[in-house]
Amino acid sequence: MKIIGFNASPRRNGNTAWAMGQIMESAAEAGAETRIFHSGELNISPCKGCLGCAKGGGCVVDDDMREIYAALKQSDGLVLGSPLYMAQMSGQAKVFTDRLFAQITPRFSPRFNEENAGKRLILVFTQGNPDQSRFQAYYDYTRDMFRMLEFDVQDFIVAAGTRGGQASENTELRDLLREAGQKLARGISTY
Ligand SMILES: Cc1cc2nc3c(=O)[nH]c(=O)nc-3n(C[C@H](O)[C@H](O)[C@H](O)COP(=O)(O)O)c2cc1C
């Protein structure tokens, strides 16, 4: 089982990196091969909409997404973590999602695993607002959007009330994240 993570927070040691770290660590402990990409250390441009990818050779943009495309093709699961920015995913998460277009078929299923159907996906959001349900409509929409892209959304974790680095002190949250990582590695879906 190969799992890659994309941390869509610019902060290398922020709440999102911590939350993703818990998932990836526990997945590794359960036997998965894991690799995490931190957007803050990468150069990833927005999609140019050139449709160069439609010619069949993949994305024509030469940047760090090339390495992620290669890793994604070989992976069984993806963990996408984002801080909530202005009540939505971060710009880095949106650029990453748009760039997946190069590996999406005309019916919007992932090109990289047509044979396997449905790459496993865990979504993790961190938000400053302590009210877990405040942005539920947006989170539901986001889950459905990734389902439309035919990802097998296995879990959706919201770490709320992260101001002042409180997320890492929340043992209940840590257990939830670690359980999600174990389930991902073992192919068990929460949904
Ligand atoms: C530009 C920006 C916009 C934000 N917008 C929201 C928001 O709309 N709602 C919210 O609850 N928190 C918001 N936050 C707080 C972050 O979501 C929260 O601190 C998050 O855990 C940061 O993740 P990080 O430590 O991985 O960078 C915002 C933070 C920033 C920097």
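Predicted model: local features only at pLDDT ≥ 70, side-chain atom pairs only at ≥ 80, totals over all residues.

Reader: OK. How many residues surround the ligand?

Author: 16 residues do. The closest are Ser9, Arg11, Thr16, Leu84 and Thr162. A residue counts as near if one of its heavy atoms lies within 4 Å of the molecule.

Reader: What lies 2.7 Å from an oxygen atom of the ligand?

Author: A backbone N or O atom of Leu84. Asn129 also has a backbone N or O atom by a ligand oxygen, at 2.8 Å. For Gly128, a backbone N or O atom lies 3.1 Å from a ligand nitrogen.

Reader: How much of the ligand does the protein cover?

Author: It covers 74% of the 640 Å² of accessible area that the ligand has on its own. Such areas come from the Shrake-Rupley method with a 1.4 Å probe; for residues, only the protein chains shown count as cover.

Reader: Which elements give two or more residues to that shell?

Author: They are α1 (15-29), β3 (77-85) and β5 (120-127). β3 gives the most, with three residues. Helices (H or I, at least four residues) and strands (E, at least two) are DSSP runs, numbered from the N terminus.

Reader: How do the shell residues divide into nonpolar, polar and charged?

Author: Six are nonpolar, nine polar and one charged. Here Ala, Val, Leu, Ile, Met, Phe, Trp, Tyr, Cys and Pro count as nonpolar, Asp, Glu, Lys and Arg as charged, and the others, Gly among them, as polar.

Reader: New topic. How many residues are in the largest nonpolar core?

Author: It has 35 residues. Phe6, Ile68, Phe96, Leu121, Tyr139 and Phe146 have the most contacts inside it. A nonpolar core is a set of buried Ala, Val, Leu, Ile, Met, Phe, Trp, Tyr and Cys residues joined through side-chain atoms within 4.5 Å. Buried means under 20% relative accessible area, exposed over 50%, and partly exposed in between (1.4 Å probe, protein chains only).

Reader: Which element gives the most to this core?

Author: α2 does, with five residues.

Reader: And what does Phe146 contact?

Author: Leaving aside neighbours within four places in sequence, Phe146 is in contact with Leu80, Met89, Thr97, Leu121, Leu123, Phe151 and Val153. Contact means heavy atoms within 4.5 Å. A second, separate core of 19 residues includes Ala19, Met20, Ile122 and Leu184.

Reader: Which residues of α3 are buried?

Author: Ala93, Val95, Phe96, Thr97 and Arg99. They pack against β1, α2, β3, β4 (88-89) and α4.

Reader: Back to α1. Is Ile23 buried or exposed?

Author: Buried, with a relative accessible area of 0%. Ile23 sits in helix α1. Beyond four places in sequence, Ile23 is in contact with Val79, Ile122, Val124, Leu177 and Gly181. Its C-alpha is 9.5 Å from that of Asp175, 152 residues apart along the chain.

Reader: What about Phe125, buried or exposed?

Author: Buried too: Phe125 has a relative accessible area of 3%. Phe125 lies in strand β5. The C-alpha atoms of Phe125 and Leu84 are 6.3 Å apart, with the two residues 41 apart along the chain. Not counting residues up to four places away, Phe125 touches a list that includes Ser82, Leu84, Tyr139 and Phe156.

Reader: Now the loops. Where is Ser75?

Author: Ser75 is in the loop between α2 (65-74) and β3. Ser75 is buried, at 6% relative accessible area. Its side chain reaches the backbone oxygen of Gly77 at 3.5 Å.

Reader: Which phi value does Met86 have?

Author: Phi of Met86 is near 50 degrees, a positive value in a residue other than glycine. Met86 is in the loop between β3 and β4, and Met86 is exposed, at 75% relative accessible area. Leu51 is not a glycine either, and has a positive phi of about 60 degrees. Leu51 is found in the loop between β2 (33-38) and α2.

Definitions and conventions
Residues numbered from 1 in each chain as written. Heavy atoms only, no water. Polar contact = N/O pair within 3.5 Å; in protein donor to acceptor, adjacent residues only side chain to side chain.
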